[in-house]
Amino acid sequence: MVEQVVVIGAGVYGAAVAAELARRGARVKVVDSGVPADGTSGATFAWTNSNGKQPRAYHDLNVAGMEAHRRLAHEVQGSDWYHEGGNLEWGGDDAEREQLRRKVDSVLACGYQARWLTRAEVLRIEPDLNPAELPADGIAYFPSEGWIEPARLIGHLLSTVDGERIWHDAVTGIDVSGGRVRSVRLASGRQLSADAVVNCAGPRAAEVAVLAGLELPMNNTRGVLIYTSPVAVSVARVVHAPRVHLRPDGGGRLLLHTHEVDDAADDGNGTVDQAAVEKVVEAGCALYPGIRGASVESVRVGERPIPSDGLPVLGRAPGLPNFHFAVSHSGVTLSLHAGARVAAEVMGEDWSAELAPFRFERL
Ligand SMILES: Cc1cc2nc3c(=O)[nH]c(=O)nc-3n(C[C@H](O)[C@H](O)[C@H](O)COP(=O)(O)OP(=O)(O)OC[C@H]3O[C@@H](n4cnc5c(N)ncnc54)[C@H](O)[C@@H]3O)c2cc1C
């Protein structure tokens, strides 16, 4: 019987897994080498979506993740970390427009919500947008998408866990005998006995897996996020324009990103090329002229935890049935639902059909 569970990592996955385990009656210890939301969950665009996610099982998992956020926000009074304002997206050239058209067709075929808006319709919902930056029509709107504030969600989830929280203490060893994990060792010298362990170490999940004798191939990538100072610009939703992606970030701040700016992060020392940051801010100012009144408050580099084939790794490891994974990119969207499924499996429930495409052994 599973009583004591050690959850390694206090990002969105660790928090979601721990909350569900606690709800099911497990005695949970959450361990983090830093503090909650210190990892990728504190440097993420945090857009909840299943926008062009393939294959179908992965699309469905993301849709279930979106639904889980909606449900939790409904259940918890004051849960204003969840913002379901939708997402606007348009192409900058013919190739991008064609790609967008195909994506809209494919998500509609899956029963996902998407529709086309004209410039006039977009300006009614985003009045501070510069009309000159918008095409006359062909603007895709995905109304069920949104964004969350991960640190606040993590805080809520951990507040529901009546177990031990251990911060600033890394997992440095995992004791295995007789084909089962027996205990977890920490840098401080503590040893935590465990009936089960869940690896929620995000981009460091491969290092944790090695401690249990398992090889988890990962292709992590870096992303650069630009946070503005508070500014009096009305941005009510996620916006994917050709030269900048942005969304509100609470307290009047905006969060800006592009795929191109990700290349501006120096792998060695974590610095970011300033010229690349300014280019993104300029694109933001062109789109919402009021952003000129803002300054860049911080630039963060996040590391996407990406298993080698791009899909999540969820559930128990073969040959080590009390060692479980909850690791993926798009973890903000997925973690509430996928983390709950992993926790249910830890506690003996059978979710084999849903988890089958995401098992560790496929890698
Ligand atoms: C630029 C960028 C944009 C993104 N955009 C989106 C998006 O729009 N939508 C979306 O859904 N997802 C997005 N993601 C992905 C998403 O943010 C991640 O999938 C998610 O945050 C991962 O959460 P996690 O809990 O697995 O990892 P983390 O948040 O990194 O948490 C792992 C924790 O484990 C701890 N840890 C590691 N090793 C050890 C150890 N040995 N002992 C103890 N603790 C340990 C770390 O300190 C950390 O706190 C984005 C990511 C990036 C970088």
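Two strands count as paired if DSSP finds at least two bridges between them, and the strands themselves are DSSP runs (E, at least two residues), numbered from the N terminus. The model is predicted, so local features need pLDDT of at least 70 and side-chain atom pairs count only at pLDDT 80 or more, while totals for chains, interfaces and linings use all residues. Residues are numbered from 1 along each chain as its sequence is written, and side-chain values use heavy atoms, with hydrogens and water left out.

Strand 3 pairs with strand 8 (residues 146-148) over 2 bridges, in the antiparallel sense, and Thr48 faces Gly146 of strand 8.

Next up is strand 16 (residues 245-248), which is covered on both faces: His245 and Arg247 on one side, and Leu246 and Pro248 on the other, are all buried (under 20% relative accessible area, 1.4 Å probe, protein chains only). Strand 15 (residues 238-240) runs antiparallel to strand 16, joined by 2 bridges, with His240 opposite His245. A hairpin of 4 residues links strand 15 to strand 16.

Strand 16 also pairs with strand 17 (residues 254-257), antiparallel again and over 4 bridges. Here Leu246 stands opposite Leu256. These two strands form a hairpin too, with 5 residues between them, and Gly250 in the turn has a positive phi of about 85 degrees.

Conventions
Buried < 20%, exposed > 50% of the residue type's maximum accessible area, 1.4 Å probe, protein only.
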